[in-house]
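I wanted to look up the salt bridges in this entry. My notes follow.

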Amino acid sequence: MCITPTNRRIFIKKMAAAAAMTAAATMFPGIVFASEQEANLSSGSDLDWKKGPCRFCGVGCGILVGVDKGKAVAVKGDPNSSVNKGLLCVKGYHQTMCIQAKDRLTHALVKKNGRYVETPISEALDIVANKMKETIEKHGKDSVAMYTSGQSTIPEGYVASKLMKGAIGTNNLDCNARLCMASAVTGFLTTFGADEPMGCYEDIDYADYFITWGNNMAEMHPVLFSRMLEEKNRRGAKIIDFATRTTRSSSASDKSILFEPQTDLAVANAICYEIINKGWVNKSFVEKHCNFSKGLTNIGYGLEDKFKFTDKPEKIDFEAYKKFLEEYTPEKVAKYSGVSVKDIKYLAAIYGDPNKKVVSYWCMGMNQHTRGTWMNNLVYNIHLLTGKISQPGNGPFSLTGQPSACGTAREVGTFTHKLPKGVVTNEKHRRLAAKIWKVPYERIPAKPTYHATEMFRAVDRGDIKFIWTQVTNPLVSLPKTSRYRPAMEKDSCFVVVSDVFPTPTSDVADVILPASWHIEKSGLYGNSERRTQHWDKMVEGPGETTPDAWMTIEVAKRMGFGDLFPYSEENHVEEIYNEYRQFHEGAKHGMAPLDVLKKQSGAIWPYVDGKSTQWRFNAKYDPACSNGEEFHFYGKPDGKAIIWQRPFEPAPEAPDDEYPFWLNTGRVIEHWHTGSMTRRIPVLHKAMPSAYVEFHPEDAKILSIVNGENVKVTSRRGSCILPASINERGLPTQGQVFVPFFDENMMINDVTLDAFCPISKEPDYKKCAVKVEKA
Amino acid sequence: MPVKSYLAHPHEGKKSELLSALSEIECCEVIPAENKDVIVLVTDTANEIEENILKEKLEAIESIKLFSMVSGFDTQN
Ligand code: SF4
């Protein structure tokens with residue numbers, strides 16, 4: 001059919017209408033639209049729709065990309081994806097528009113005499129491999145490092161781990177998921193001995209209450225929030241927003257409860273106190289399935305270089321735990337948390353009601369916390385005490401920020417301490433990795449080296465002399481960039497940056513490698529609900545852009561490790577995934593075969609006997625349960641989860657006379673992380689062109705600051721000038737300011753503090769002390 | 001030249017009010033569900049300026065409770 005511009009446009013409108021109707025049909029079973037409208041919709045076209053996951057957030061919505069003459073011209077929600085049922089958020093459906101940005105990195109650039117010179121990719125990869133080899137020869141294998149991403153695909157993460165740990169033999173590999181998910185991981189491991197949520201998004205269809213802990217889901221997980229609102233409207237499910245700032249999520253919720261930063265620790269304990277005090281403990285569940293433990297206290301904040309901490313868990317009994325909680329009566333906690341006794345009791349009563357199903361959601365608010373591991377433990381305590389876990393509509397659910405923080409960073413294990421299965425400190429895990437990788441077991445070091453913050457401190461100290469970053473922009477996203485930017489500029493470290501667009505990180509690179517964008521390569525991502533999703537390459541990338549996995553393989557070959565990387569350029573994604581799957585064989589973590597993932601919109605692991613496991617640890621749904629009971633927390637040797645005694649401890653830096661405001665940082669719906677992609681999508685950039693600093697109107701009044709006026713935000717580390725925003729997108733409490741971090745021209749991370757949770761090593765971007773003044 | 005589609009959810013009892021408000025806007029096409037409180041809305045604008053004007057008009061409609069975007073098409077013709 002020859003399509004003229006006019007009838008082509010009519011056709012596209014029909015496609016758009018069809019996409020919306022399909023989405024509506026999934027959300028409202030039995031929905032009827034006027035039949036003549038449906039009959040009008042054309043079914044044939046020259047658009048080729050290809051499926052995949054969204055490039056941006058950890059929700060992992062399924063997308064269909066319409067390709068016409070080799071170009072991506074349209075994006076719609078995949079109605080067959082149970083994640084989003086055809087819905088997308090504003091970022092999702094505009095995503096492919098960044099590909100056409102004029103400043104796309106299309107060729108390798110090598111710095112020569114202070115200038116970037118366009119260089120053939122094979123020559124640039126020679127330079128990278130030679131430099132890496134030479135650095136190892138001169139300074140040892142721990143002088144080179146790779147820093148990757150929760151946005152790297154599963155094959156990309158896998159070959160990075162194999163190169164660093166298996167081929168070179170260093171644990172100098174970490175990733176930006178350290179900055180967002182590490183506390184979730186240590187929370188899961190300490191409580192359950194197994195990482196990642198036990199439930200899935202289908203919980204939304206069953207829960208009576210959604211309690212969000214420091215989590216602005218309306219902007220950060222918008223499609224899930226839409227699904228929650230749908231349940232609120234359809235059957236009266238309730239949303240309770242527990243946060244330090246009033247956001248779009250608060251206004252859409254049934255109730256918004258605000259707390260003083262850091263006191264979430266105390267409030268969670270007060271909820272547990274109340275549950276025990278009121279006799280709402282699910283005694284048989286706790287007796288059968290839980291142990292009690294405590295760890296060290298006053299554990300520090302990691303502010304000094306080479307900070308070390310190891311917890312010393314100690315078993316306690318229920319009575320000791322109960323006694324500990326006496327410090328956390330609602331009355332005592334109300335005094336410093338800003339949460340009323342009534343509201344603490346209200347929250348406890350929701351969790352304590354045996355007839356109500358409750359899901360708790362959280363993301364950065366609890367994870368980016370100097371007691372992030374503890375906070376995760378404490379919310380698990382609430383669900384374990386009440387037995388509200390691992391059942392449809394009942395459970396704690398740690399959401400991820402990045403599209404493959406779970407699939408790549410956590411499951412492949414691109415952290416210094418991790419291997420694709422298990423950890424480097426475990427001999428059995430090292431032996432398995434050595435066997436699958438076909439390397440001598442002794443080559444994989446048994447000791448972790450640098451976590452993200454410490455890796456960049458090591459660059460600053462001159463200990464790391466070569467670093468390769470992939471799919472990430474640390475010089476905008478690290479805390480305290482005021483230290484780490486000059487560190488990366490030092491001549492002592494050779495910097496290689498692979499990216500799709502120029503960023504402040506590529507600005508300091510010695511070699512810039514042009515990476516393929518999402519749909520210009522094949523790949524796999526794993527989202528928040530343990531769903532692995534595959535996509536095939538949909539369009540050609542420009543110039544000499546190359547998939548990150550393939551660039552790693554090419555460097556490995558040039559370094560003499562070709563026999564360990566026998567993959568083919570056309571088929572490497574499939575070959576790598578098949579090799580990787582061997583790590584997770586078995587009922588506890590089996591991954592779906594690739595042919596299944598090619599056919600359907602993802603599968604949830606453990607994938608056993610052709611079926612996804614939606615609720616882990618519940619014998620009704622999870623074939624790995626083997627203790628003959630209803631529940632089996634098989635991540636722990638005795639099959640029991642741990643209820644942790646974790647106290648309230650203050651933040652390392654709190655407002656004082658000199659720096660009287662809390663600074664909280666985060667994201668906005670329009671932009672993805674540091675904005676390197678979404679700021680190149682005109683409609684998103686226009687909707688939110690620059691960062692700002694949010695004030696409470698009373699604070700603005702006292703400081704005589706008006707909306708839009710430039711304000712200087714200063715901490716002990718640095719300062720940043722931004723326009724004031726008063727009562728617009730979000731509303732911080734009095735004494736607090738909020739700044740989004742997407743804007744590389746307003747570097748709020750020059751101001752933030754690089755304190756971290758001593759257990760997870762995840763920095764706290766939500767709390768430090770600043771002063772504000774007219775600029 | 002953006003073409004977008006949305007699901008528009010009216011406030012309780014306001015479906016016909018929302019339908020007529022949306023129908024009055026030039027670059028909107030509406031397809032109401034016959035048996036549920038939801039309306040499919042397809043917007044077709046020539047450029048970003050028109051898109052912004054449209055956005056303001058949509059935001060001003062009182063009978064609307066929630067918009068969910070479903071698809072977006074950027075065509076050159
Ligand atoms: S909610 Fe997340 S995954 Fe879904 S479309 Fe938006 S950015 Fe993409």
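I set the burial terms before anything else: buried means under 20% relative accessible area, exposed over 50%, and partly exposed in between (1.4 Å probe, protein chains only). This is a predicted model, where local features need pLDDT of at least 70, side-chain atom pairs count only at pLDDT 80 or more, and totals for chains, interfaces and linings use all residues. Side-chain values use heavy atoms, with hydrogens and water left out.

I counted a salt bridge when a side-chain nitrogen of Lys or Arg is within 4 Å of a carboxyl oxygen of Asp or Glu. That rule gives 51 salt bridges over all chains.

Lys598(A) and Glu574(A). I found their side chains in a salt bridge at 3.5 Å, N to O. Lys598(A) sits in helix α24 (residues 594-599) of chain A and Glu574(A) in helix α23 (residues 572-581) of chain A, so the pair ties together parts 24 residues apart in sequence. Helices here are DSSP runs (H or I, at least four residues), numbered from the N terminus. Lys598(A) is partly exposed at 38%. Glu574(A) is partly exposed too, at 28%.

Asp174(A) and Arg178(A). I noted 2.9 Å between the closest N and O atoms of this salt bridge. Asp174(A) is buried, at 0% relative accessibility. Arg178(A) is buried at 4%.

Asp460(A) and Lys490(A). The closest N and O atoms of this salt bridge are 2.7 Å apart. Asp460(A) is buried at 17%, whereas Lys490(A) is partly exposed at 35%. I also found both in a network of salt bridges, whose members include Asp305(A), Glu454(A) and Arg457(A).

Technical notes. Residues are numbered from 1 along each chain as its sequence is written. Chains are lettered from A and ligands numbered from 1 in the order in which they are written. Helices (H or I, at least four residues) and strands (E, at least two) are DSSP runs, numbered from the N terminus.
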